[in-house]
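Me: I would like to go through a model by question and answer, with the cut-offs stated along the way.

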Amino acid sequence: MTRLCPNSMKPGAFHIGPAFAAAAILAFAAPASAQSSLPTLLDAPPPRASSDEIQRFCSNIADAARERRYAIQREELEALQTEIEDRIVVLEKKRAELQQWVEKRERFSDAANESLVEVFAKMRPDAAAQRMEKLPGELTAALLTKLSARTAGTILNEMSPDRAALVAVIMAAVADKGETRK
């Protein structure tokens with residue numbers, strides 16, 4: 001057997017080139033009328049175009065090309081507008097959430113008015129702790145944040161461990177949201 005392809009892996013192997021394979025496929029796939037010996041449009045060379053014809057062609061399609069560019073830009077702008085509107089919705093939700101936190105903080109601060117703070121400041125720490133155990137956790141935390149650190153610490157020390165932990169957690173949460181000591 002003769003070797004037709006010098007790059008073949010097996011010595012003496014018969015190899016059909018890609019051009020021959022493509023021609024064979026086309027010969028079997030093409031209809032009988034297309035296999036005639038008449039020249040086709042594809043066999044003819046392309047027509048020669050003058051620079052005037054090229055210029056006319058370019059000027060003829062310039063408006064269509066411009067309109068297509070405008071359409072693409074309009075689509076991009078509409079997509080950006082949709083994205084901006086989505087972001088505005090997210091920002092509005094965040095603003096509403098922040099407003100709720102501000103309102104909670106104001107209620108928290110208003111819960112412990114100055115006269116009530118003075119009453120607890122003048123009490124013995126053990127008696128104040130006993131009374132504060134009966135109050136809601138938010139009010140207790142609000143009162144303690146308005147007392148001096150030393151007094152608040154002493155009162156927390158006198159409370160039950162569970163109640164002191166709850167009040168400390170509330171105080172820490174309010175401090176994280178920006179509440180300042182007065």
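Me: Which residues touch the most other members of the largest nonpolar core?

Reply: This is a predicted model, in which local features need pLDDT of at least 70 and side-chain atom pairs count only at pLDDT 80 or more, while totals for chains, interfaces and linings use all residues. Residues are numbered from 1 along each chain as its sequence is written, and side-chain values use heavy atoms, with hydrogens and water left out. A nonpolar core is a set of buried Ala, Val, Leu, Ile, Met, Phe, Trp, Tyr and Cys residues joined through side-chain atoms within 4.5 Å, where buried means under 20% relative accessible area, exposed over 50% and partly exposed in between (1.4 Å probe, protein chains only). In the largest such core, which has 17 residues, those touching the most other members are Met-132, Leu-143, Leu-144, Leu-147, Ile-155 and Met-159.

Me: Which elements give two or more residues to this core?

Reply: Helices (H or I, at least four residues) and strands (E, at least two) are taken as DSSP runs and numbered from the N terminus. On that basis the contributors of two or more residues are α3 (114–122), α4 (125–132), α5 (137–146), α6 (149–158) and α7 (161–176).

Me: How many of the 10 residues of α5 are buried?

Reply: The buried residues of α5 include Gly-137, Thr-140 and Lys-146, along with Leu-143 and Leu-144. Helix α5 is largely enclosed by the rest of the structure, because its buried residues number nine.

Me: Which residues make the nonpolar surface patch of about 270 Å²?

Reply: Patches are made of residues with over 30% relative accessible area and no salt bridge, with like charges joined within 9 Å and nonpolar side chains (Val, Leu, Ile, Met, Phe, Trp, Tyr) within 5 Å. Accessible areas come from the Shrake-Rupley method with a 1.4 Å probe, and for residues only the protein chains shown count as cover. One member lies in helix α2 (residues 51–111) and counts as exposed because its relative accessibility is 56%. That member is Leu-98, and the patch as a whole is made by Leu-98, Trp-101 and Val-102.

Me: What is the N to O distance of the salt bridge between Arg-66 and Asp-63?

Reply: A salt bridge is a side-chain nitrogen of Lys or Arg within 4 Å of a carboxyl oxygen of Asp or Glu, and the count by this rule is five. Arg-66 and Asp-63 are about one helical turn apart because they lie three residues apart in helix α2. Arg-66 is partly exposed at 33% relative accessibility, as is Asp-63 at 43%. Their side chains meet with an N to O distance of 2.8 Å.

Me: How far apart are the C-alpha atoms of Ala-175 and Arg-105?

Reply: Ala-175 is located in helix α7 and is partly exposed, with a relative accessible area of 46%. Along the chain, Ala-175 and Arg-105 are 70 residues apart, and their C-alpha atoms are separated by 9.9 Å.
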